[in-house]
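Q: I'd like to learn how to read a protein structure, one feature at a time. Can we start with what counts as a contact, and then move on to sheets and pockets?

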Amino acid sequence: MVPNGYTISPRDKGNNDSKDSDADSSGKTDTVTLVAGEEDNSLDMGLFQKLVKLGDKVWYDADKNGIQDSGESGIKDVKVELYRADGEFVSQTMTDSSGLYMFDGLIPDKYYIVFTPPTGYVISNKDQGGDDTKDSDANSDGRTSIFTLESGKDNATVDMGLYQQRVSFGNFVWLDT
């Protein structure tokens with residue numbers, strides 16, 4: 001029986017069967033047959049107390065420094081995809097008119113995010129400056145490093161800066177006699 005306020009952890013996650021949860025969402029494990037004198041101490045069930053939230057902002061990095069400075073506005077309609085560390089797709093959302101996004105009701109686990117910038121935008125350099133809440137967290141492909149969401153600890157720091165590459169054009173002006 002699962003105590004009030006707890007949720008059963010996802011089943012069979014990770015590469016070590018002795019450290020993962022073996023129970024399904026109802027709390028039951030697979031049937032195990034033992035012969036007289038045999039022991040099986042590998043069946044277990046993980047519990048966590050609270051689902052978590054994950055989110056932050058995609059912003060226009062006007063000075064291309066990879067740091068979210070005062071006055072730099074958000075960018076809307078950026079696709080944000082959430083994956084478990086093993087590559088399993090979890091969910092997708094888009095940034096709102098302020099550049100904000102949020103994933104709610106997540107199971108504590110290891111995840112990464114893939115941002116897809118709009119056409120014409122370049123991703124700012126990752127991990128600039130000393131404040132993780134203000135830097136861009138995506139690499140040049142739009143993917144973040146793997147991070148851990150812990151039970152009861154929301155994360156509102158996974159963000160990305162974008163800027164538009166300037167172009168130039170020109171040629172030669174002459175007097176056409």
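This is a predicted model: local features need pLDDT of at least 70, side-chain atom pairs count only at pLDDT 80 or more; totals for chains, interfaces and linings use all residues.

Q: Which residues does Ser73 touch, not counting residues up to four places away in sequence?

A: With those neighbours left out, Ser73 touches Lys57, Trp59 and Tyr60. Ser73 itself is found in the loop between S3 and S4.

Q: Is Ser73 buried, exposed or partly exposed?

A: Here you need the cut-offs: buried means under 20% relative accessible area, exposed means over 50%, and partly exposed lies in between. Ser73 has a relative accessible area of 45%, so Ser73 is partly exposed. As for distance, the C-alpha atoms of Ser73 and Pro3 are separated by 45 Å, and these two are 70 residues apart along the chain.

Q: Which other residues lie in the loop between S3 and S4?

A: Lys64 is one of them, and Asp77 is another. Lys64 has a positive phi of about 55° although it is not a glycine. Asp77 is not a glycine either, yet has a positive phi of about 60°. On accessibility, Lys64 is at 37% and so counts as partly exposed. Asp77, with a relative accessible area of 48%, is partly exposed as well.

Q: Why is S3 called largely enclosed?

A: Count its buried residues. Seven of the nine residues of S3 are buried, so the rest of the structure largely encloses this strand.

Q: What is the strand order in the sheet that holds S4?

A: That open sheet has four strands in the order S5-S4-S7-S9, and its pairing is antiparallel. Its edges are S5 (89-94) and S9 (147-148), each with a single partner strand, so one side of each has no neighbour in the sheet. S4 is largely enclosed by the rest of the structure, because five of its six residues are buried.

Q: How many bridges join S4 to S5, and how many join S4 to S7?

A: S4 and S5 pair over five bridges, and Lys79 has Met94 as its bridge partner in S5. S4 and S5 also form a hairpin with four residues between them, and Gly87 in the turn has a positive phi of about 95°. S4 and S7 are joined by six bridges, with Ile113 in S7 as the bridge partner of Leu82. Next along, S7 (residues 110-116) and S9 pair over two bridges; there, Tyr111 stands opposite Phe147.

Q: What about Lys126: where is it, and what is it in contact with?

A: Lys126 sits in the loop between S8 and S9. Leaving aside neighbours within four places in sequence, Lys126 is in contact with Ser136, Asp137, Ala138, Asn139 and Ser145. Its relative accessible area is 27%, so Lys126 is partly exposed.

Q: Last one: how do I read a pocket?

A: Rolling a probe the size of a water molecule over the atoms shows where empty space is left. In this model, the largest pocket has a volume of about 330 Å³. It is lined by 14 residues, and the closest to its centre are Lys13, Gly14, Ala85, Asp109 and Lys110. By class, the lining has four nonpolar, four polar and six charged residues.

Note on methods:
Residues are numbered from 1 along each chain as its sequence is written. Side-chain values use heavy atoms; hydrogens and water are left out. On a 1 Å grid over the protein atoms alone, a cavity is a set of points where a 1.4 Å probe fits but cannot get out, and a pocket is an open set with protein on both sides within 12 Å along at least five of seven lines; lining residues have an atom within 4 Å of a point. Grid points are joined across faces, edges and corners, and a volume is the space filled by probe spheres set on the points. Ala, Val, Leu, Ile, Met, Phe, Trp, Tyr, Cys and Pro count as nonpolar, Asp, Glu, Lys and Arg as charged, and the others, Gly among them, as polar. Two strands pair if DSSP finds at least two bridges between them. Buried means under 20% relative accessible area, exposed over 50%, partly exposed in between (1.4 Å probe, protein chains only). Contact means heavy atoms within 4.5 Å.
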